[in-house]
Amino acid sequence: MFRRSWLLSASTLFVLGALAPLSACKKAASSGHAGTKEDPFVIGMSQCNLGEPWRVQMNEDLKNAAAKHPELKVVFKDAQNDSLTQRTQVEELVNQGIDLLVISPKEAAPLTKPVAEAYKKGIPVIVLDRAVEGDQFTTFIGGDNKKIGREAGKWVAKLLGAAGGNVVELEGLMTSTPGQDRHAGFLEGLDLAKNTGIKIVFTADMQWLEPNARKEMASALATNPKIDVVYAHNDPGAHGAYLAAKEAGREATIKFVGIDALPHEGVKYVKDSLLHATFTYPTGGAEAIDVALKLLKKEQVQKKIVLGTKSWTRENVAKGGEEIP
Ligand code: FRU
């Protein structure tokens, strides 16, 4: 309850960017749906995968928000972590005559064209969480990954202090925009030019997947006798790293930081003292439905809607985390 209302207020607070051109919304009801209970607007939702709890939550958030509006029907597609499948599914949705497309793309480059094609046909397109290239979509909704990475970097720099230390970075899929931004932001926050005692001793792309993170961390442990902090681009990655360290009997000497902060995943890991910190990455599911309603009513919306974040650490977790302005 608290989380949901916080996200909604965050979305209104962090609205940035130019207004999307009205032309993008012109043919919102091109398939002819009336937008009534009997003949609802059909929203096609292309989800890149449902392998991680965070994506299951995103779909739930969309579903729950849409359930409050009988004039909406949402059709879900799961691309099972395959960009080509996702591309085909977007094309199928468009051919089925949806009124609006919501997409959380696996990777930017391969999904840019199908998204642009839907948009050029006059279907309003909401891109959620991971971006596509260019500007051929109606609006983007998502967290500020650069900022979250920067906050994680500042947190690690402060934790290691003047003595510095050895850091492992387990990256999310680097062909997806959150992976790129969480890495760039982290480097900014670490400020290696100033904090010369900090060394990144191992970096690997674990593609957002816990089993990959576990494997990569086993290699990091084998080649590095001293690791002080692991920064993983998501909580499944941080948890995979923790499990590898535990297997090697080294979990007590390493601090683990992740991103996502789902109540039953990352936040619980912090409460259970597995992770030292995590940062909220809102799904944007509820906000997407709010925006979809506006677009279907042919109202203008911002081209980019940026959602807020919170830190969850061992110090603040009992108080419900801390908002980051
Ligand atoms: C789920 C996920 C999240 C992450 C997001 C980034 O697939 O990996 O853990 O925050 O995608 O797009």
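Here is a walk around the ligand site of this predicted model. Residue numbers start at 1 along each chain as its sequence is written. Local features need pLDDT of at least 70, side-chain atom pairs count only at pLDDT 80 or more, totals for chains, interfaces and linings use all residues, and side-chain values use heavy atoms, with hydrogens and water left out.

Let's start with where the ligand is: it sits in the largest cavity.

Who's around it? The ligand is surrounded by Asn49, Glu52, Trp54, Arg55, Asp129, Arg130, Pro178, Arg182, Trp208, Asn234, Asp260 and Tyr281, each with a heavy atom within 4 Å of the ligand. By class, that's six charged residues (Asp, Glu, Lys or Arg), four nonpolar and two polar.

Now for the polar contacts, meaning pairs of N or O atoms within 3.5 Å. The side chain of Glu52 has an N or O atom 2.4 Å from a ligand oxygen. For Arg55, a polar side-chain atom is 2.5 Å from an oxygen of the ligand, and for Arg130 the figure is 2.6 Å. On its own the ligand exposes 310 Å², and the protein buries 100% of that (Shrake-Rupley method, 1.4 Å probe).

Notes. A polar contact is a pair of N or O atoms within 3.5 Å; within protein, one must be able to donate a hydrogen and the other to accept it, and residues adjacent in sequence count only if both atoms are side-chain atoms. On a 1 Å grid over the protein atoms alone, a cavity is a set of points where a 1.4 Å probe fits but cannot get out, and a pocket is an open set with protein on both sides within 12 Å along at least five of seven lines; lining residues have an atom within 4 Å of a point. A molecule sits in a cavity or pocket if more than half of its atoms lie within 2 Å of its grid points.
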